[in-house]
Amino acid sequence: KAFQDSNYLYILMEYCEGGDLLNVMEEPIAESDTILYWAEIVRAVHSVHALGYIHRDIKPDNVLVKANGHICLTDFGSCSLLNDKGLVTGTFAVGTPDYVSPEILDTTVKKYGVECDWWSCGVMFYEMLYEKTPFAGATLIETYANIQRGTFDFPSTDNTVELLRQDLIKKLL
């Protein structure tokens, strides 16, 4: 809900007792919780897209956790309406550095679609598993260069579930 008086615009939203996902990620997340968060994040992002919008700032800070463990996607300040071809026109980078997609960073690409939100989900899912983002560099320029190169590594594993998770993340990235 939103309302305003002569000086301010007020936006009211549901109180989420669990804080944001970034705070939840300070401790290792149980596998069952990881599965729930991933499923609900995918569903929330898909819902935004189904309404004809692109979020453009998917990150753990913008995912709130309710007391019952379910999530709420928040912060639609960077949202943009998709055109009839499912694209937005971008003239400058939008989003948070570690989570921004190469399409948004590429100044030669003026139009992009929902793939940038799925990229951000892949970065966030990687971070949930490995407690770091896949493209983080020592500087912002290095982070952006890593994102544009698109190269990253996974820890070695022979665990089938872990390999399936890695496959999903690779497909999102």
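I started at Gln166, whose side chain joins that of Tyr130 through a polar contact of 2.9 Å. I take a polar contact as a pair of N or O atoms within 3.5 Å; within protein, one must be able to donate a hydrogen and the other to accept it, and residues adjacent in sequence count only if both atoms are side-chain atoms. The model is predicted, with local features needing pLDDT of at least 70 and side-chain atom pairs pLDDT 80 or more, while totals for chains, interfaces and linings use all residues. Residues are numbered from 1 along each chain as its sequence is written, and side-chain values use heavy atoms, with hydrogens and water left out.

**Entry 1: Gln166 and its helix**

I found Gln166 in helix α6. Helices here are DSSP runs (H or I, at least four residues), as are strands (E, at least two), numbered from the N terminus. Gln166 counts as buried at 6% relative accessibility. The cut-offs are under 20% relative accessible area for buried, over 50% for exposed and partly exposed in between, with a 1.4 Å probe and protein chains only. Not counting residues up to four places away in sequence, Gln166 touches Tyr130, Phe154, Pro155 and Thr157; contact means heavy atoms within 4.5 Å.

I then checked the length of α6. Its 13 residues (160-172) should span 18 Å at 1.5 Å a residue, and the end C-alpha atoms are 19 Å apart, which agrees. The expected span is 1.5 Å times one less than the number of residues.

Which residues of α6 are buried? I listed Glu162, Arg165, Gln166, Ile169 and Leu172. They cover an arc of only 120° around the axis, which puts them on the same side of α6. The arc is that of the directions from the helix axis to the C-beta atoms. An α-helix has 3.6 residues a turn, so residues three or four places apart point the same way. On the other side of α6, I noted Thr160, Leu164 and Lys171 as exposed. The cover over the buried residues includes α2 (31-50) and α4 (115-130).

At the N-terminal end, I found Asn159 capping α6, with a side-chain oxygen 2.8 Å from the backbone nitrogen of Val161.

**Entry 2: nonpolar cores**

I define a nonpolar core as a set of buried Ala, Val, Leu, Ile, Met, Phe, Trp, Tyr and Cys residues joined through side-chain atoms within 4.5 Å. The largest has 24 residues, and those with the most contacts inside it are Leu21, Tyr37, Ile41, Cys121, Phe125 and Met128. Two or more residues each come from α2, β4 (63-65), β5 (71-73), α4 and α6. The largest share, seven residues, is from α4.

I looked up Met128: leaving out residues up to four places away in sequence, Met128 touches Leu21, Met25, Ile29, Thr34, Tyr37 and Trp38.

**Entry 3: aromatic pairs**

How many aromatic pairs does a search of the whole structure find? I got ten. Rings of Phe, Tyr and Trp (its six-membered ring) pair if their centres lie within 6.5 Å; planes under 30 degrees apart count as stacked, over 60 as edge-to-face and the rest as tilted.

Trp38 and Phe125 are stacked, at 4.4 Å centre to centre and 15° between the planes. Trp38 lies in helix α2 and Phe125 in helix α4, so the pair ties together parts 87 residues apart in sequence. Both Trp38 and Phe125 are buried.

Phe135 and Phe152 form an edge-to-face pair, 5.4 Å centre to centre with 75° between the planes. Phe135 lies in the loop between α4 and α5 (140-149) and Phe152 in the loop between α5 and α6, so this pair ties together parts 17 residues apart in sequence. I recorded Phe135 as buried, with a relative accessible area of 1%. Ring pairs link Trp119, Tyr126, Tyr130, Phe135, Phe152 and Phe154 into a cluster.

**Entry 4: positive phi**

Most residues other than glycine have a negative phi. I noted Arg56, with a positive phi near 70°, in the loop between β3 (53-54) and β4. Arg56 is buried, with a relative accessible area of 13%. I also noted Glu131, with a positive phi near 60°, in the loop between α4 and α5. Glu131 counts as exposed at 55% relative accessibility.
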